[in-house]
Amino acid sequence: MRAPEISSALQGEDALLTRWNPDLLDDVLAPGISRFTEANIPDLSSEFDQSTYWMSNHFLSSATGVRYSGRGRIHLVTAILRAQLGFAAYHEARQASCEYLLGNNPLNPRVRKYFALVGEWETCVHNIHLFIDAFNLFAKPEKAYTTGDGSEEERFCLLSNDVKHLGRAAKEEHCIPMWLTNDGLVSLTSNVSYLEIAKLVRTMARFADLLQHPAGAVGYKPDTDPTLGEQGIGGIGIPP
């Protein structure tokens with residue numbers, strides 16, 4: 001007896017039915033996928049024209065002038081790297097979101113594009129979380145957030161941990177650890193809006209603009225440039 005060709009039906013999105021039951025979509029594919037119809041994700045690319053050159057600029061500045069030194073050096077350079085990767089990943093996720101939503105039927109979703117989109121956002125989340133980890137190390141005793149403060153920084157890191165540690169999602173029988181809604185990213189234990197993510201990315205980018213040139217960053221005091229402190233992660237001095 002010949003087996004039914006289930007795989008071919010799954011591989012060709014055009015072969016899927018026009019309308020699926022929303023409860024089925026939310027259970028088998030991703031929570032809320034049947035209601036994901038729009039997203040307001042700010043474009044920050046024009047604000048930071050050096051975003052693709054932060055690591056290159058750091059190399060040139062360090063090769064010809066002041067360099068970071070000491071045990072904190074790796075944390076400062078890691079912050080620049082993760083800012084560059086995270087900034088790019090944010091805009092790639094933004095573009096993928098726009099492409100997925102344009103003309104998408106939420107009751108017959110573009111399955112391959114959706115999961116490619118989830119992957120783009122996971123890459124973004126991963127790099128921003130690593131930037132926050134680096135910040136917490138080079139900015140001691142300051143921290144990006146205090147446990148239990150409910151800030152976007154804390155909720156973002158909780159969401160990132162849900163992506164990395166699948167045990168909690170498995171207990172709830174979720175099919176994926178993080179998914180998208182009209183407002184932002186959601187996981188089993190946390191959520192963060194697109195506007196909050198944009199705020200984190202903007203702050204991260206401002207630090208990268210500062211840190212890329214050690215001569216201007218060493219000895220930096222936030223009271224001479226309040227724009228960083230106003231953005232959430234801020235209020236620190238860069239040690240010499």
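Entry 1, ground rules. I am working with a predicted model, in which local features need pLDDT of at least 70 and side-chain atom pairs count only at pLDDT 80 or more, while totals for chains, interfaces and linings use all residues. Residues are numbered from 1 along each chain as its sequence is written, and side-chain values use heavy atoms, with hydrogens and water left out.

I looked up Asn127 and found it in helix H5, residues 111-138. Helices (H or I, at least four residues) and strands (E, at least two) are DSSP runs, numbered from the N terminus. Is Asn127 buried or exposed? Asn127 has a relative accessible area of 5%, so it is buried (under 20%; exposed is over 50%, partly exposed in between; 1.4 Å probe, protein chains only). Leaving aside residues up to four places away in sequence, Asn127 touches Arg82, Leu85 and Gly86; contact means heavy atoms within 4.5 Å.

Rings of Phe, Tyr and Trp (its six-membered ring) pair if their centres lie within 6.5 Å; planes under 30 degrees apart are stacked, over 60 edge-to-face, and the rest tilted. By this rule I have twelve aromatic pairs. One of them is Tyr114 with Phe115, edge-to-face at 5.4 Å centre to centre and 90° between the planes. Tyr114 is buried at 0% relative accessible area, whereas Phe115 is partly exposed at 32%. I also looked up Phe138 and Phe207: their ring centres are 6.5 Å apart and their planes at 65°, so this pair is edge-to-face too. It links distant parts of the chain, with Phe138 in helix H5 and Phe207 in helix H8 (residues 194-211), 69 residues apart. Phe138 is buried at 5%, and Phe207 is buried at 0%. Ring pairs also join Phe36, Tyr100, Tyr114 and Phe115 into a cluster.

Entry 4, salt bridges. How many salt bridges does the structure hold? I have four, a salt bridge being a side-chain nitrogen of Lys or Arg within 4 Å of a carboxyl oxygen of Asp or Glu. Among them is Arg35 with Asp26, at 2.9 Å from N to O. Arg35 is exposed at 54%, but Asp26 is buried at 14%. Arg202 and Glu47 also meet at 2.9 Å, N to O. Arg202 is in helix H8 and Glu47 in the loop between helix H2 (22-28) and helix H3 (54-64), 155 residues apart. Glu47 is partly exposed at 39%.
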